[in-house]
Amino acid sequence: MASRHQLGEPVVVVAGVEKSFGAFAVLKDVGLTVRRGETVCIIGPSGSGKSTLLRCINGLVPISKGSITVAGREVNDPALDKLGLRRDVGIVFQQYNLFPHKTALQNVMMAPIHVLRQDKVAVEERARKLLAKVGLSDKLASYPGELSGGQQQRVAIARSLAMNPKVMLFDEVTAALDPETKKEVLVTIQDLAAEGMTCILVTHEMGFAREVADHVYFTDGGLIVEHGPPAGLFGAPREERTKAFLDKVL
Ligand code: ADP
Ligand code: MG
């Protein structure tokens with residue numbers, strides 16, 4: 001939904017990024033820019049390097065060449081403020097990895113208290129608000145095992161938001177969910193995007209990407225084959241590889 005709101009300055013800038021695991025090049029000259037308030041979707045076949053790219057952006061995987069800046073921080077600077085990066089970049093995976101012996105509320109409170117050393121009373125108030133925002137006010141005291149997959153995923157989103165990130169990365173967060181719970185998670189992400197959160201989503205939900213993305217990147221074989229606003233990319237793809245992929249998934 002381009003022009004839904006004013007886009008701000010670049011928050012994530014990926015330029016000329018290459019990443020190899022041994023002799024295997026997973027990312028070959030990847031570039032993208034995500035501005036404040038923008039929602040970017042990355043689509044492409046399995047193995048094309050989408051997860052690796054997200055992991056490079058949040059510093060989990062070091063790049064072999066090129067540059068990545070997040071909120072002005074060079075991610076691969078040896079003097080990187082790692083805590084600052086961890087605060088600025090929220091990431092949610094397909095596996096939610098909540099602490100099983102902590103309630104939903106405690107899960108959301110952990111990082112601000114133990115990593116950021118914030119005041120417990122203030123953190124709890126904020127955690128309650130975040131769980132309300134993701135529609136889980138009635139599940140504060142529930143343990144992960146008592147929640148559906150979609151509810152757990154929404155706790156995981158609230159937990160990331162508790163760090164007050166500048167950008168949220170979502171890596172196929174609905175891939176393991178059944179259709180009904182998938183919907184609640186997608187609506188939660190759509191609400192976040194509509195509020196102006198900067199989001200990068202790797203997704204196989206093409207309808208969702210088409211609806212919420214300001215910009216879509218199609219990756220294949222470690223390259224960005226084509227990118228543009230969703231109407232163009234989905235409606236009139238320019239590249240054969242994009243067409244072939246969309247024919248398969250749409
Ligand atoms: P996608 O998310 O698009 O499916 P990935 O980024 O997970 O793709 O993986 C891209 C390629 O890189 C795959 O061939 C995968 O096997 C390989 N790969 C990913 N992580 C590693 C790793 N830590 N070591 C070696 N190869 C890896
Ligand atoms: Mg992946």
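1. Strand pairing, strands 1 and 4. Glutamate 18 stands opposite lysine 65 in strand 4. Alanine 15 faces serine 67 in strand 4 in the same way. Strand 1 (residues 10-21) and strand 4 (residues 65-70) run antiparallel and are joined by five bridges. Strands here are DSSP runs of E with at least two residues, and helices are runs of H or I with at least four, numbered from the N terminus. Two strands count as paired if DSSP finds at least two bridges between them.

2. Basis of the values. This is a predicted model, in which local features need pLDDT of at least 70 and side-chain atom pairs count only at pLDDT 80 or more, while totals for chains, interfaces and linings use all residues. Residues are numbered from 1 along each chain as its sequence is written, chains are lettered from A and ligands numbered from 1 in the order in which they are written, and side-chain values use heavy atoms, with hydrogens and water left out.

3. Strands 1 and 2. These two pair in the antiparallel sense over eight bridges. Valine 17 has valine 30 of strand 2 as its bridge partner. Valine 14 stands opposite leucine 32 in strand 2. The two strands form a hairpin with two residues between them. In that turn, glycine 22 has a positive phi of about 60°.

4. Strands 4 and 5. Two bridges join this antiparallel pair. Valine 70 stands opposite arginine 73 in strand 5. Here too there is a hairpin with two residues between the strands. Alanine 71 in the turn has a positive phi of about 50°.

5. Four strands make an open sheet, in the order 2-1-4-5, with antiparallel pairing. Strand 2 and strand 5 (73-74) stand at the edges with a single partner strand each, so one side of each has no neighbour in the sheet. In a regular strand, side chains alternate between the two faces of the sheet.

6. Ligand 1, shell. The surrounding residues are Phe21, Phe24, Val26, Pro45, Ser46, Gly47, Ser48, Gly49, Lys50, Ser51 and Thr52. A residue is near the ligand if one of its heavy atoms lies within 4 Å of it. Strand 2 (24-35) and helix 1 (50-57) each supply at least two shell residues. Helix 1 gives the most, with three. By class, the shell has four nonpolar, six polar and one charged. The classes are: Ala, Val, Leu, Ile, Met, Phe, Trp, Tyr, Cys and Pro nonpolar; Asp, Glu, Lys and Arg charged; the others, Gly among them, polar.

7. Ligand 1, distances. A polar side-chain atom of threonine 52 lies 2.5 Å from an oxygen atom of the ligand. For a polar side-chain atom of lysine 50, the distance to a ligand oxygen atom is 2.8 Å. A backbone N or O atom of glycine 49 lies 3.0 Å from a ligand oxygen atom. Taken alone, ligand 1 exposes 560 Å², and the protein buries 58% of that (Shrake-Rupley areas, 1.4 Å probe).

8. Largest pocket. Its volume is about 730 Å³, the space filled by probe spheres set on grid points joined across faces, edges and corners. A pocket is an open set of points on a 1 Å grid over the protein atoms alone, where a 1.4 Å probe fits, with protein on both sides within 12 Å along at least five of seven lines; lining residues have an atom within 4 Å of a point. The lining has 30 residues, of which Asn58, Leu60, Arg86, Val89 and Ile91 lie nearest the centre. By class, 17 are nonpolar, nine polar and four charged.

Definitions and conventions:
A polar contact is a pair of N or O atoms within 3.5 Å; within protein, one must be able to donate a hydrogen and the other to accept it, and residues adjacent in sequence count only if both atoms are side-chain atoms.
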